[in-house]
Amino acid sequence: MTTSNIHIVKTYLLDLQERLCQLLEKEDGRARFHEDCWERPEGGGGRTRVLAQGALFEQAGVNFSHVQGAALPPSATAQRPELAGRVFQAAGVSLVVHPLNPFVPTAHCNVRYLEAQKPEAPPVWWFGGGFDLTPYYGFEEDVKHWHRTAKRACDAFGEDYYPRFKKWCDDYFFLKHRREPRGVGGLFFDDLNEKGFEHCFRFSQSVGDHFLAAYLPIVQRRKALVWGERERDFQLYRRGRYVEFNLVYDRGTLFGLQSGGRTESILMSLPPLVKWRYDWKPEPGSPEAKLYEEFLPPRDWLLS
């Protein structure tokens with residue numbers, strides 16, 4: 001396949017959403033996803049699924065959307081000003097999981113496709129996405145497994161893919177106003193249209209298909225750990241960083257809001273409970289301080 005085809009992308013994304021929801025429901029063991037199907041006045045719509053107050057997951061959302069519009073929003077043309085004013089289509093699946101247990105990390109995954117076109121001109125298309133991990137308490141075994149799985153997702157597509165998209169993830173999920181990473185990284189890619197449509201589509205599929213292989217073993221190792229008020233308080237405080245990043249920097253959030261997307265679906269990525277405290281610092285030598293000192297700074301997690 002040498003030409004773009006949004007229909008096969010949409011078919012894959014709908015199936016990905018279905019598989020993610022089934023396996024997350026199975027892992028939680030109690031709660032089920034509530035589904036909302038919605039339409040966008042300017043064109044297109046989506047299927048939002050949210051699980052709340054589960055035995056394991058405090059909140060999880062898995063969104064599918066396929067929208068069209070008369071002109072790309074500013075967030076999509078910031079790196080491509082020549083595309084301003086073009087008719088567009090965008091399709092994607094976005095997942096965010098906020099567990100209840102503070103020893104189980106928050107996780108995010110996204111696979112998206114965008115196509116822009118002018119009359120009587122071939123479409124300009126690209127893929128984007130990735131997955132990243134936001135732990136509250138660090139375990140080297142978990143983070144190494146996460147990055148090894150991320151590398152496996154990349155191995156068949158180019159030797160430079162994992163180091164390139166790992167670094168992009170470290171750089172992207174960084175709160176500039178805090179001078180602090182959001183989590184321990186993973187993969188992030190955008191504007192990907194190299195080596196043809198089929199190559200980029202297969203890579204995007206590999207990223208989407210490797211997410212649960214990266215995440216569920218971590219969930220299963222940590223979900224039975226006993227936690228208390230201290231751990232919960234720190235989790236809610238660190239969730240504040242998640243909110244700050246999504247509302248200030250996240251491209252998907254900005255694209256959705258600027259393109260007139262469904263606000264409830266866009267903001268389902270935010271955690272249900274969160275805390276902020278003025279100028280708080282972790283106690284030296286504490287497990288909370290260890291997160292800042294040993295896990296958040298970017299490093300090569302593939303080294304043993």
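**View 1. Cavities in the whole structure.** A search of the whole predicted model finds 2 cavities of 30 Å³ or more. A cavity is a set of points, on a 1 Å grid over the protein atoms alone, where a 1.4 Å probe fits but cannot get out. Grid points are joined across faces, edges and corners, and a volume is the space filled by probe spheres set on the points. The model is predicted: local features need pLDDT of at least 70, side-chain atom pairs count only at pLDDT 80 or more, and totals for chains, interfaces and linings use all residues. Residues are numbered from 1 along each chain as its sequence is written, and side-chain values use heavy atoms, without hydrogens or water.

**View 2. The largest cavity.** Its volume is about 110 Å³. Lining residues (an atom within 4 Å of a point) number 18, with D170, P181, G183, V184 and G185 nearest the centre. By class, 10 are nonpolar, 3 polar and 5 charged.

**View 3. The second largest cavity.** This one holds about 40 Å³ of space. F103, P105, L133, P135, Y137, G138, F139, D142 and V143 line it. The lining divides into 7 nonpolar, 1 polar and 1 charged residues.

View 4. E58 sits in strand β3 (residues 57-69). E58 counts as buried because its relative accessibility is 11%, under the 20% limit (1.4 Å probe, protein chains only). Its side chain makes a polar contact with the R239 side chain at 2.7 Å; such a contact pairs N or O atoms within 3.5 Å, one able to donate a hydrogen and the other to accept it. Residues touching E58 (heavy atoms within 4.5 Å) include H98, R232 and P272, not counting residues up to four places away in sequence.

Note on methods
Helices (H or I, at least four residues) and strands (E, at least two) are DSSP runs, numbered from the N terminus. Buried means under 20% relative accessible area, exposed over 50%, partly exposed in between (1.4 Å probe, protein chains only). On a 1 Å grid over the protein atoms alone, a cavity is a set of points where a 1.4 Å probe fits but cannot get out, and a pocket is an open set with protein on both sides within 12 Å along at least five of seven lines; lining residues have an atom within 4 Å of a point. Ala, Val, Leu, Ile, Met, Phe, Trp, Tyr, Cys and Pro count as nonpolar, Asp, Glu, Lys and Arg as charged, and the others, Gly among them, as polar.
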